Amino acid sequence: MPSLPDMTTPNVADLAREAAQTASAHPAVPQPDAGQEAFSEMLLRLGDSTLILGHRISEWCGHSPALEEDIALANVALDLIGQTQLWLSLAGEVEGKGRSADDLAYLRDAWDFRNLLICERPNGDFGHTLMRQFLFDAWHHELLKALAASSDPRVAEIAAKAGKEVAYHLERSSDLVVRLGDGTEESHRRMQEALDDLWSYAGEMFIGDAKDAEVAARGIAPDPSSLRAAWDQTLQHVLTEATLQIPEGSFAHKGGKQGIHTEHLGYILSEMQFLQRAYPGASW
Amino acid sequence: MYAQLVKSEGMKAREEMSPEEIAFQERIDRGEKIEPKEWMPEGYRKTLIRQIGQHAHSEIVGQLPEGNWITRAPTLERKAILLAKVQDEAGHGLYLYSAAETLGVSRDELMELLHAGKMKYSSIFNYPTLTWADIGAVGWLVDGAAIMNQVPLQRTSFGPYSRAMIRICKEESFHQRQGYAIMMKMAQGTPEQKRMAQDALNRFWYPALMMFGPSDKDSVHSAQSMAWKIKINTNDELRQKFVDQTVPQAEYLGLTVPDPDLKWNEDKGGYDFSEPDWSEFFEVIAGNGPCNKDRLGARVRAWEDGAWFREGLMAHAEKQAARRAPVAAE
């Protein structure tokens with residue numbers, strides 16, 4: 001049985017320095033192109049956001065307040081999962097480690113996920129789900145319009161396809177936000193509460209970091225803050241018609257894009273990844 | 001087919017029929033379609049409402065056992081396929097409620113009857129989906145059994161029902177192939193996947209046979225429905241056809257149908273097979289299946305929790321109409 005370290009244990013810092021000197025004698029491992037890394041990161045941010053939001057809304061399947069809503073929400077979830085396949089495939093390609101879209105979706109832990117926090121927020125009532133969708137759609141629509149002009153033709157192509165789908169998502173979520181905001185007293189109250197509750201999770205969409213700056217400099221993606229004005233305008237227009245008050249606070253929760261999530265993501269992943277984790281390597 | 005034990009009025013002999021009823025029966029016998037605004041016997045209308053309503057309810061309750069695996073689907077592609085499938089089921093519900101509406105009953109009225117336990121949905125959806133292979137088995141066996149009944153119903157006498165069936169059948173046969181594709185993958189997969197596939201067949205075989213309803217000798221409502229071409233084949237005919245079609249498919253997968261008495265019968269050109277446990281069937285119909293409480297509970301909750309949503313939309317529509325009204329009056 002190994003004994004516990006005692007006072008004669010050599011200085012660990014010296015040992016580490018020694019080890020580092022030996023290691024540096026080995027040939028240098030090629031480092032990934034910093035620009036490529038930011039590019040694959042950007043693609044994960046897109047694909048993870050569509051995946052996690054698609055997952056959340058698919059939880060409604062069979063439980064919506066009207067048959068038409070079951071159909072429409074399943075349709076939106078389907079579009080988002082389809083977009084996920086495209087973004088994550090490209091992320092794997094750009095990353096260059098041979099990981100497929102499924103590998104990325106099913107075999108990463110939460111800290112490697114890059115989705116916006118708003119996507120993992122629990123569904124709440126149907127109004128909450130619709131408000132989350134509206135806030136996201138209004139941003140997603142602007143983002144895809146900008147990405148359709150990306151310097152990378154693969155990104156531009158996916159964005160053009162996804163943009164058509166998301167234009168419809170935004171039309172639908174705006175319409176319902178207006179009708180429920182300006183519906184009964186109760187529907188108005190629920191929509192206002194949802195907006196107030198989600199507001200601090202919306203700002204993250206517009207906060208950039210060094211990686212965003214890198215891809216923006218290369219013309220691959222817009223600077224996140226550049227999407228704010230158009231988003232504000234959409235909100236102003238729709239929420240006014242809905243007779244809802246835009247909250248005043250400007251505080252924004254952030255961290256999702258860097259892999260620091262809320263507690264909810266771990267549960268989403270443990271459910272989503274169950275089969276791949278329980279039966280490693282099986283083909284489905 | 002998602003209609004079982006649909007009550008029909010007693011069969012009338014020709015001499016008991018009114019002249020209108022005779023003319024009506026003759027139209028059906030000539031293969032003409034009956035359209036919503038045309039005269040029809042009250043019994044025909046009521047039987048159709050029960051049958052189409054039960055079918056519609058089955059489509060929407062049927063979203064639940066499959067929806068149970070959407071968040072756990074093993075790949076992005078499987079997830080997308082399953083989402084699309086469950087969405088199709090909701091769409092079928094919508095066509096069918098619309099077909100029922102042409103007979104003078106609203107979707108909300110039918111929903112309320114379902115929630116109050118006064119209308120049924122197919123017994124099959126009261127069984128749980130416990131593994132991913134169950135999603136394959138539901139597509140293969142449950143949609144397979146449904147198609148067996150719905151293909152002939154494309155020729156049913158009531159126009160809107162017949163047209164809904166034509167559309168639904170196209171989608172259902174696609175679903176069945178998708179289900180079988182899942183089973184193929186599982187049957188050719190790891191030992192655990194094969195075990196899941198066999199286990200799914202073991203659990204779904206008899207409930208799938210029950211979908212056709214009790215044996216003809218115990219099926220009291222068939223004769224009038226068949227005369228009206230609301231029902232085209234007997235329960236036993238369809239069950240036999242289903243078994244004959246499905247057994248070779250199971251063999252191809254390398255799976256064993258859980259019936260030791262299953263045997264090809266050369267004389268009848270079909271399989272001999274064991275009857276399902278009908279006492280289990282009647283228990284499930286009576287509310288004692290493994291998932292009855294969960295399924296109906298989920299639908300009632302969705303309806304009740306969504307009341308504010310539906311009321312909100314109605315209120316908005318009324319406000320809009322009121323805002324437009326003075327303009328229209330000028």
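In this predicted model, I52(B) is a buried residue with a relative accessible area of 0%, where buried stands for under 20% relative accessible area, exposed for over 50% and partly exposed for the range in between (1.4 Å probe, protein chains only). I52(B) sits in helix α2 of chain B, which covers residues 42-61; helices here are DSSP runs of H or I with at least four residues, strands are runs of E with at least two, and both are numbered from the N terminus. Once neighbours within four places in sequence are set aside, the contacts of I52(B) are L96(B), A99(B), A100(B), L103(B), F158(B) and Y161(B), a contact being heavy atoms within 4.5 Å. G93(B) is 41 residues from I52(B) in sequence, and the two C-alpha atoms are 9.6 Å apart in space.

Residues are numbered from 1 along each chain as its sequence is written, and chains are lettered from A and ligands numbered from 1 in the order in which they are written. Local features need pLDDT of at least 70 and side-chain atom pairs count only at pLDDT 80 or more, while totals for chains, interfaces and linings use all residues; side-chain values use heavy atoms, with hydrogens and water left out.

Two packed helices are described by the angle between their axes and the distance between the axes. The axes are lines fitted to C-alpha atoms, for helices over the stretch in contact, and the angles run from 0 to 180 degrees between N-to-C directions. Angles under 35 degrees count as roughly parallel, over 145 as roughly antiparallel, 65 to 115 as roughly perpendicular and the rest as oblique.

Helix α8 (residues 191-210) of chain B packs with helix α10 (residues 235-253) of chain B at about 160°, their axes being 11 Å apart. The pair is therefore roughly antiparallel, α8(B) to α10(B). On the α8(B) side, L201(B), W205(B), A208(B) and L209(B) take part, and they meet R239(B), F242(B), V243(B), T246(B), V247(B) and A250(B) of α10(B). Sorted by class, this contact of α8(B) with α10(B) holds 8 nonpolar, 1 polar and 1 charged residues; Ala, Val, Leu, Ile, Met, Phe, Trp, Tyr, Cys and Pro count as nonpolar, Asp, Glu, Lys and Arg as charged, and the others, Gly among them, as polar.

Helix α10(B) also packs with helix α7 (residues 159-187) of chain B, where the axes come within 10 Å and cross at roughly 30°. These two helices, α7(B) and α10(B), are therefore roughly parallel to each other. Q176(B), Y180(B), M183(B), M184(B) and A187(B) from α7(B) meet Q245(B), Q249(B), Y252(B) and L253(B) from α10(B). The contact of α7(B) with α10(B) comprises 6 nonpolar and 3 polar residues, with no charged residues.

The remaining pair is α7(B) with α8(B), packed at an angle of about 135° with axes 7 Å apart. That angle makes α7(B) oblique to α8(B). M183(B), M186(B) and A187(B) of α7(B) make this contact with Q193(B), K194(B), M196(B) and A197(B) of α8(B). In the contact of α7(B) with α8(B), 5 residues are nonpolar, 1 is polar and 1 is charged.

Most residues other than glycine have a negative phi. K229(B), a residue other than glycine, has a positive phi near 55°. K229(B) lies in the loop between α9 (222-227) and α10 of chain B, and at 26% relative accessibility K229(B) is partly exposed. T243(A), likewise not a glycine, has a positive phi of about 60°. The loop between α10 (228-241) and α11 (264-272) of chain A is the place of T243(A), which is partly exposed at 41% relative accessibility.

Chain A as a whole has 12 helices and 0 strands. Of its 284 residues, 53% count as buried. Among contacts in chain A between residues at least 6 apart in sequence, 82% join residues at least 24 apart. One residue of chain A, A146(A), belongs to helix α6 (residues 126-147) and is partly exposed, with a relative accessible area of 29%. Not counting residues up to four places away in sequence, A146(A) touches P222(A) and L227(A).
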